[in-house]
Amino acid sequence: VPLSRTVSSTALNGQTRVEVKVGEGEPIESALRRFKREVNKSGHLMDLRHKRYFENSQDRKKRKIVQARIRKRLERMQARRLRQRRS
């Protein structure tokens with residue numbers, strides 16, 4: 001009977017769930033590395049970091065605007081790279 005091993009995490013509100021299947025004979029270090037990457041991509045650790053201290057609505061709005069600006073800049077850079085590769 002093959003063992004099915006998983007590494008998983010659940011956010012405080014239960015909405016975000018990160019799961020990584022550990023393959024047969026795969027070292028646990030590589031599974032943990034993949035798990036850390038998935039947790040970072042899910043973003044719920046950043047959310048917990050922001051909820052560590054009280055943040056009023058004006059500060060939250062400013063933070064969201066800055067995050068959107070950074071996200072848009074990265075999207076533009078990626079689109080430019082794709083256009084350059086196609087040329």
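Which residues does Arg-63 touch, not counting residues up to four places away in sequence? I get His-50 and Glu-55, with contact taken as heavy atoms within 4.5 Å.

Ground rules before I go on. This is a predicted model, where local features need pLDDT of at least 70 and side-chain atom pairs count only at pLDDT 80 or more, while totals for chains, interfaces and linings use all residues. Residues are numbered from 1 along each chain as its sequence is written, and side-chain values use heavy atoms, with hydrogens and water left out.

**Entry: confidence**

I looked up pLDDT, the predictor's confidence in each residue, from 0 to 100. The protein chain has a mean of 84, and 82% of its residues reach 70 or more. Confidence is highest in H3, at 95, and lowest in strand E1 (residues 5–10), at a mean of 59.

**Entry: layout**

I count three helices and two strands in the protein chain, in the order β-β-α-α-α along the sequence. These are DSSP runs numbered from the N terminus: helices are H or I with at least four residues, strands are E with at least two.

Next I checked burial. Buried means under 20% relative accessible area, exposed means over 50%, and partly exposed is in between (1.4 Å probe, protein chains only). Of the 87 residues in the protein chain, 16% are buried. I also looked at contacts between residues at least 6 apart in sequence: 23% of them join residues at least 24 apart.

**Entry: back to Arg-63**

Arg-63 sits in helix H3 (residues 57–86). Buried or exposed, for Arg-63? Arg-63 comes out buried, because its relative accessible area is 18%. Its side chain makes a polar contact with the side chain of His-50 at 3.5 Å. For that term I use a pair of N or O atoms within 3.5 Å; within protein, one must be able to donate a hydrogen and the other to accept it, and residues adjacent in sequence count only if both atoms are side-chain atoms.

With Glu-55, Arg-63 forms a salt bridge, the closest N and O atoms being 2.9 Å apart. Glu-55 counts as buried too, because its relative accessible area is 17%.

**Entry: salt bridges**

How many salt bridges does a search of the whole structure find? I get five, each a side-chain nitrogen of Lys or Arg within 4 Å of a carboxyl oxygen of Asp or Glu. Side chains of opposite charge can pair when their charged atoms come close.

I noted two others. Glu-38 pairs with Lys-41 at 3.4 Å between the closest N and O atoms. Both lie in helix H1 (residues 28–42), three residues apart, about one turn of the helix. Glu-38 is partly exposed because its relative accessible area is 33%, and Lys-41 is exposed because its value is 61%.

Glu-19 and Lys-21 meet through their side chains at 3.7 Å, N to O. Here Glu-19 is partly exposed at 39%, and Lys-21 is exposed at 52%.

**Entry: surface**

The protein chain exposes about 8,000 Å², and carbon and sulfur atoms supply 51% of that. Accessible areas come from the Shrake-Rupley method with a 1.4 Å probe; for residues, only the protein chains shown count as cover.

I then looked for patches, made of residues with over 30% relative accessible area and no salt bridge; like charges are joined within 9 Å, nonpolar side chains (Val, Leu, Ile, Met, Phe, Trp, Tyr) within 5 Å. Val-66, Ile-70, Leu-74 and Met-77 form a nonpolar one on the surface, together about 310 Å² of accessible area. Val-66 lies in helix H3 and is partly exposed, with a relative accessible area of 40%.
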